Amino acid sequence: MAVPEDAGWRRVICAIVLAMMFVLHAANMPVAAQDTSGSTNVVDAIKPALEKAARDGATVIVVGNSTDAAKAGQDANEPGISAILNRALFRFKLTLGNAEQALGNMKVTLAKASPDDKINWLFYAVVAGLAGIVLGRLAAKPAAKWVRDVFAPKVPDVPTSRQQKIGYLLFRGTTFSLFALFVAAVGSVIVIIYAGDHMPSRATGLAIVWTYMAYRLMRSIYINILVPNVPNYRMINMDDVEAARLYRTLLLATAISLSIIGLCVWMDHLGLDINTHKLMLMFGSLISALLFCAIAVIHRSAVAQAIAGYGSLDEKPFWLRSLARSWHVIIIIYVLGAWAVSAVRLLLDQPASSGLVGAPLGVLIAALVVYGITLVLIDKLFAGHEQRQLQAAAAMDVEQDTPADTPGEQEASDDGETDASTGSVFKGLLEHAAALGIAFLGLAAIAQIWGINFGDPSNWVARSLDVIVVLFGAYIAYRAVELWIDSKVAEEDPHAGAEAEIGGEPGGAGATRLATLLPIFRNFLLITIVTIAGMIALSEMGVNIAPLFAGAGVVGLAIGFGAQTLIRDIFSGAFFLVDDAFRKGEYIDIGTAKGTVEKISIRSMQLRHHNGPLNTIPFGEIKQLTNFSRDWVMMKLPLRLTYDTDIEKVRKLVKKLGIELLDHPEIGDKFMQPLKSQGVKQMDDSAMIVRVKFMTKPGDQFDVRKVVYHRIQELFEANGIHFAHREVTVRIADDDKKPEAAKQKAAVGAVQTVIEKPVADTP
């Protein structure tokens, strides 16, 4: 059984794959640095004094670097982003000036952390951290073995459903994360016990343990997205070799980046000089950003394939093609831009901008997990519907070889099949709604983390999110109405979407009354939903919609007075539909036109003549309507027989033939009344007109007529009954003056006038 692919799930996974390219960059965002030495913030410290002296008219002489003081004074007076960049550049020069002393400052920091002015403690602290990791893994090993022994045999090698795929990946990701946290907890306890009251040793061991925990957590995310070891459970379209390569590359970049991050955080806890700390953070985060930018360039084709999904890229929507071809450029620009912003904020001693990348990444991971759980719940919810669909399909296959069910069993089967069909329709809508809803909640969470106040009506972001909520609700309601009505129309008329046979016989049975009215009702509901949603959205955007309602009323009055014919057409059509005068697919005659009802709108309908022309008829123009496709059809066939025919014999033969045709394999079930003889209906000059009749449902009479004519011809020939040929007797007066050729020409003209009578164009 093929595993169904879900476009929403694939795109969410692809989005998180993109986010993983710069996951560690979020961790590189520093905590606001605090200047404890006071050596580099002298300019900031004297700024208030300088400004106060300038206001009082005093002259202040600054002893020291006059260039720096002048630069600081100029920056204080420069507004906007220019002043911010100048201050950041000034701070960067100061920080970069201490680069030569960075290694010495680190040695001094380590020496100060030693209780005996030696650095032997560092070696033992590192050993303690590594020992904590090893002991933590040994402690978790029995639990890991138990999980493998219990659950591994239950996992099939080839999943048969999306539910199995998602369930396996969620379970594996959860267990991997729990084991990583358990190892970190055990290692932390061991480090704390070993270090005692020596805070530098504790900070060293904990930095090693937590760095390892972060690495294991990231590995859990990578392995459950790329699934290099169990390709049958991979949810994205990526080659096995490419998935394994990308997985190894990400692990290497993650190890390098986390090592840099751990080193920076560890030295900061030991009291490293603030300028050296800033320098380490800036260049460490730059290395991390460049690593993941390189990964984006190297693996751009593999990730592009995952974004595009299955099938040809040229057949995908424009936005998806554009994203697949340029995703690495977007990632590089965003990562480097985020690094630049974080570096500026770090230099200016402002709060960290970790939310710039960390917030979208964290929300994306949470959204991925929630969406996966939601899909599993949806699959479980509709599992009964899909099972009933399979049972209904199997029953249809067996139905040909088994007797017909009882009415009660047949009714139950029909109800089950309808329920399964409706369930399958709404399953896709529910999945789509879940994807959009989770995406919206994710956007709201990111905005909240970034400090956007949703209660402020002047905030355009908050108003935009309100509009998104309205549009989301309207879209879901629109799709629900459309899918539900379309499914009902398909149930009422299974052949509604099939192309009609060109040149086929007219007068067949049309759609049901419900299938005729539902499309009109659907259009009305959709217009109502779009109108209401548009009004609410405009109101949320601050537009006063009261004048729009007033204008709509004025326009309505103008239409009412100026378009009386239009109003007449609409009301006439409404009453025709209420009276059930015609339905879609029926053959009708309104006097001025005839044909099959092909389309019904609010004010008119379209009739397709059986010869091809399409007539559009306003409802107000219909004075009389004849329906050829309602309930039943009585077909009467005239037979021209010779005068020496035994009428009683013909009646008996036709009656016997009618009984035989009831058992005919093709048309036997189409008779509502069997074939009968009506006797002689007319005495013509050259024949007796004997008429036979039968009753069928509209549309079936043409198939039955072909068989009846064929069987009657065979039956009469076998029993010596002859059909009469049309004969015309022409008497020519004797006129010796006219030549013989003129007499024959006059006779032929008289015969043609009688024989070649125009045949009425009837359905």
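This is a predicted model: local features need pLDDT of at least 70, side-chain atom pairs count only at pLDDT 80 or more; totals for chains, interfaces and linings use all residues.
In strand 8, which covers residues 688-696, the residue I689 is the bridge partner of R640. Strands and helices here are runs assigned by DSSP, with at least two residues in state E for a strand and at least four in state H or I for a helix, and both are numbered from the N terminus. Two strands are said to pair if DSSP finds at least two bridges between them, and strand 6 and strand 8 pair over nine bridges in the antiparallel sense.

Residues are numbered from 1 along each chain as its sequence is written, and side-chain values use heavy atoms, with hydrogens and water left out.

Taken together, the three strands form an open antiparallel sheet in the order 6-8-7. Strand 6 (633-641) and strand 7 (671-683) are the edge strands, since each of them pairs on one side only. From one strand to the next, the twist averages 20°.

Helix 21, made of residues 647-661, packs on this sheet and touches strand 6, strand 7 and strand 8, and its direction makes about 165° with that of strand 7. Helix 22, made of residues 701-718, also packs on the sheet and touches strand 6, strand 7 and strand 8, but its direction makes about 25° with that of strand 6. Such angles run from 0 to 180 degrees between N-to-C directions, and the axes are lines fitted to C-alpha atoms, for helices over the stretch in contact. Contact means heavy atoms within 4.5 Å.

Elsewhere in the chain, T204 lies in helix 9 (residues 199-226). T204 is buried, with a relative accessible area of 3%, where buried means under 20%, exposed over 50%, and partly exposed in between, using a 1.4 Å probe and protein chains only. Apart from its neighbours within four places in sequence, T204 is in contact with W121, L122, A125, V126 and W266. With W266 there is also a polar contact between the two side chains, at 2.6 Å; the term stands for a pair of N or O atoms within 3.5 Å, where within protein one must be able to donate a hydrogen and the other to accept it, and residues adjacent in sequence count only if both atoms are side-chain atoms.

In helix 17 (residues 460-492) we find G473, which counts as partly exposed at 35% relative accessibility. G473 and G437 are 36 residues apart in sequence, and their C-alpha atoms are 9.4 Å apart in space.

Two cysteines may also be examined: C264 is buried at 3% relative accessible area, and C293 is buried at 7%. A disulfide is a pair of cysteine sulfur atoms within 2.5 Å, and by this rule the count is zero.

For the chain as a whole, there are 23 helices and eight strands, and 37% of the 763 residues count as buried.
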